[in-house]
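Hi,

Here is the structure I promised to pass on to you. Have a look at it first, and then read on for what turned up.

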Amino acid sequence: MTYIITSLCLRDGGCIDVCPVECIVPGQPVEEWPWMYIDPDTCIDCGACVPECPYDAIFSEDEVPEAYEAKGGEYISRLGLSGHYENTDHHGDTVVLETTKQLEAGEVVDLTEDTQPNYDFFESGPGYDALG
Ligand code: SF4
Ligand code: SF4
């Protein structure tokens, strides 16, 4: 198993600092890989990254919600969306995303759609090159 970062990720970066096996990689280019990705072959399922995420974007793979109910005001960031998002991350650096949408309270989103991109990133995407 592994932990999965979903499209609730807004590239805050706090999770990267606490991962004991350094298996969380920022997606690049950001227009194609909008969030951070966890290498499923390296993740040791320790769960240390989960409480670090200010957007509650990280789940154990078998707990990624099929029907995530929005609290209202949070963003998702996915290819195909066109909303602008700008903020500072964990280290005070600027984050700009053009692939977002702000959710309304009660809106339901299937976050299991975000699981496969995490595998793709390392099997055929930039993560494959990054890890060799
Ligand atoms: S802490 Fe959350 S928002 Fe930040 S990079 Fe990690 S998963 Fe994304
Ligand atoms: S569960 Fe642990 S090993 Fe896996 S990505 Fe999170 S901090 Fe890293």
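Let me start with one residue: Asp 110 lies in the loop between β9 (108-109) and α2 (115-123). Please keep in mind that this is a predicted model.

Is Asp 110 buried or exposed? It has 11 C-beta neighbours inside 10 Å, and a residue with 12 or fewer is classed as exposed, so Asp 110 is exposed. Leaving out residues up to four places away in sequence, Asp 110 touches Glu 66 and Ala 67. Glu 74 sits 36 residues from Asp 110 along the chain, and 15 Å separates their C-alpha atoms.

Now for the chain as a whole. It has 3 helices and 9 strands, and their order along the sequence is β-α-β-β-β-β-β-β-β-β-α-α. The radius of gyration is 14 Å, close to the 14 Å that the globule rule gives for 132 residues, so the chain is as compact as a globular protein of that length. Its C-alpha trace spans about 40 × 30 × 25 Å along the principal axes. Of the 132 residues, 30% count as buried. Among contacts between residues at least 6 apart in sequence, 73% join residues at least 24 apart.

There are also ligands to look at. Around ligand 1 there are 15 residues, of which Cys 9, Asp 12, Cys 15, Met 36 and Cys 53 come nearest; this shell holds 10 nonpolar, 2 polar and 3 charged residues. Ligand 2 has 14 residues around it, with Cys 19, Cys 43, Cys 46, Ala 48 and Cys 49 nearest, and its shell divides into 12 nonpolar, 1 polar and 1 charged.

Best wishes

How values were computed:
Residues are numbered from 1 along each chain as its sequence is written. Chains are lettered from A and ligands numbered from 1 in the order in which they are written. This is a predicted model: local features need pLDDT of at least 70, side-chain atom pairs count only at pLDDT 80 or more; totals for chains, interfaces and linings use all residues. A residue is near a molecule or strand if its C-beta atom, placed from the backbone, lies within 6 Å of it. Ala, Val, Leu, Ile, Met, Phe, Trp, Tyr, Cys and Pro count as nonpolar, Asp, Glu, Lys and Arg as charged, and the others, Gly among them, as polar. Helices (H or I, at least four residues) and strands (E, at least two) are DSSP runs, numbered from the N terminus. A residue is buried if 20 or more other C-beta atoms lie within 10 Å of its own, exposed if 12 or fewer, and partly exposed in between; C-beta atoms are placed from the backbone. Two residues are in contact if their C-beta atoms, placed from the backbone, lie within 7 Å. The radius of gyration is taken over C-alpha atoms; the globule rule is 2.2 Å times the number of residues to the power 0.38.
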